[in-house]
Amino acid sequence: FLDLPTLSCVVGSAEPRRAKFHSRGTIVCEAPPAAEVFGTEKAFLSSVDGGLATVPVYVSNNGVDFDNDENAEFKTIPMYSYYVEPTLDSIFPAFVSPDDETEVKIMGDGFFENDKASCRIGSQVVPAKVSVPAQTISCKAPRYFVGSGSTVQVMVSMNGQA
């Protein structure tokens, strides 16, 4: 890569975007919203397979000549994946003791197996185990995460950014 003002990338079929140069081998491209890449939200959802919709990323030093020829012999085309935002339907058990580490099961939709899944219980992030067939996420509520009788927010992340 060259540190030029024309350094650009294209994610899927979206419009080209300015890329940020870090080194001859590393650039950063901002991923546009899925609806822009796929044309519509409906097209995005119909492209999802196993919780993900994956598209190629093309790069150009001059902002014009994007090497999107899949037969190019000199490089590998990087891929970028979008995922459907998970929805949470219920949690079991609804109450836990702050003195015990308790396994919590969260039922919902849009979960996919990966090694970055996590739960945020109160202010603490803990690893999660995803079961796609059952559409559940399991995680251990940490001990002493709140005072007795308190309510905490529970969130899940499929990409490690809880």
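Here are some friendly notes on this predicted model, point by point.

1. Ground rules. Residues are numbered from 1 along each chain as its sequence is written, and side-chain values use heavy atoms, with hydrogens and water left out. Because the model is predicted, local features need pLDDT of at least 70 and side-chain atom pairs count only at pLDDT 80 or more, while totals for chains, interfaces and linings use all residues.

2. Overall layout. The protein chain has 2 helices and 12 strands; these are DSSP runs, numbered from the N terminus, with helices being H or I of at least four residues and strands E of at least two. Along the sequence the order reads β-β-β-β-α-α-β-β-β-β-β-β-β-β.

3. The protein chain has 162 residues, of which 33% are buried. Buried here means under 20% relative accessible area, exposed means over 50%, and partly exposed lies in between, with a 1.4 Å probe and protein chains only. Among contacts with a separation of 6 or more in the protein chain, 52% come from residues 24 or more positions apart; a contact means heavy atoms within 4.5 Å. The accessible surface is about 10,200 Å², and carbon and sulfur atoms contribute 51% of this area. These areas come from the Shrake-Rupley method with a 1.4 Å probe, and for residues only the protein chains shown count as cover.

4. You will find 2 disulfides in the structure, a disulfide being a pair of cysteine sulfur atoms within 2.5 Å. One of them links Cys9 and Cys29, with an S to S distance of 2.4 Å. Cys9 sits in strand β1 (residues 8-11) and Cys29 in the loop between β4 (26-28) and α1 (34-38), so this bond ties together parts that are 20 residues apart in sequence.

5. Cys119 belongs to strand β9 (residues 118-121) and Cys139 to strand β11 (residues 136-141), so the pair ties together parts that are 20 residues apart in sequence. The torsion about their S-S bond is about -95°, which means that the disulfide is left-handed. Cys119 is buried, at 0% relative accessible area, and Cys139 is buried too, at 3%. Counting bonded cysteines along the chain, the disulfides follow the pattern 1-2, 3-4.

6. Strand β1 and its partners. Ser8 and Val10 point one way from β1, Cys9 and Val11 point the other way, and all are buried. β1 pairs in the antiparallel sense with strand β2 (residues 17-18) over 2 bridges; strands count as paired if DSSP finds at least two bridges between them. The two form a hairpin with 5 residues between them, and Gly12 in the turn has a positive phi of about 60°. β1 also pairs in the antiparallel sense with strand β5 (residues 52-60), over 4 bridges. Cys9 is worth a look here: its bridge partner in β2 is Arg17, and Val59 stands opposite Cys9 in β5.

7. Aromatic pairs. How many aromatic pairs are there? The count comes to 5, where rings of Phe, Tyr and Trp (its six-membered ring) pair if their centres lie within 6.5 Å, and planes under 30 degrees apart are stacked, over 60 edge-to-face and the rest tilted. The rings of Phe38 and Phe44 have centres 5.4 Å apart and planes at 50°, so they form a tilted pair. Phe38 is buried at 17% relative accessibility, and Phe44 is buried at 4%. Phe44 and Tyr82 have ring centres 6.4 Å apart and planes at 75°, so this pair is edge-to-face. It links distant parts of the chain, with Phe44 in helix α2 (residues 41-47) and Tyr82 in strand β6 (residues 79-83), 38 residues apart. Tyr82 is buried at 9% relative accessibility. Ring pairs join Phe38, Phe44, Tyr80 and Tyr82 into a cluster.

8. Phe112. This residue lies in the loop between β8 (102-109) and β9. Is Phe112 buried or exposed? Phe112 is buried, with a relative accessible area of 7%. Leaving out residues up to four places away in sequence, Phe112 touches Gly50, Gly51, Leu52, Tyr83, Val130, Val132 and Met158.
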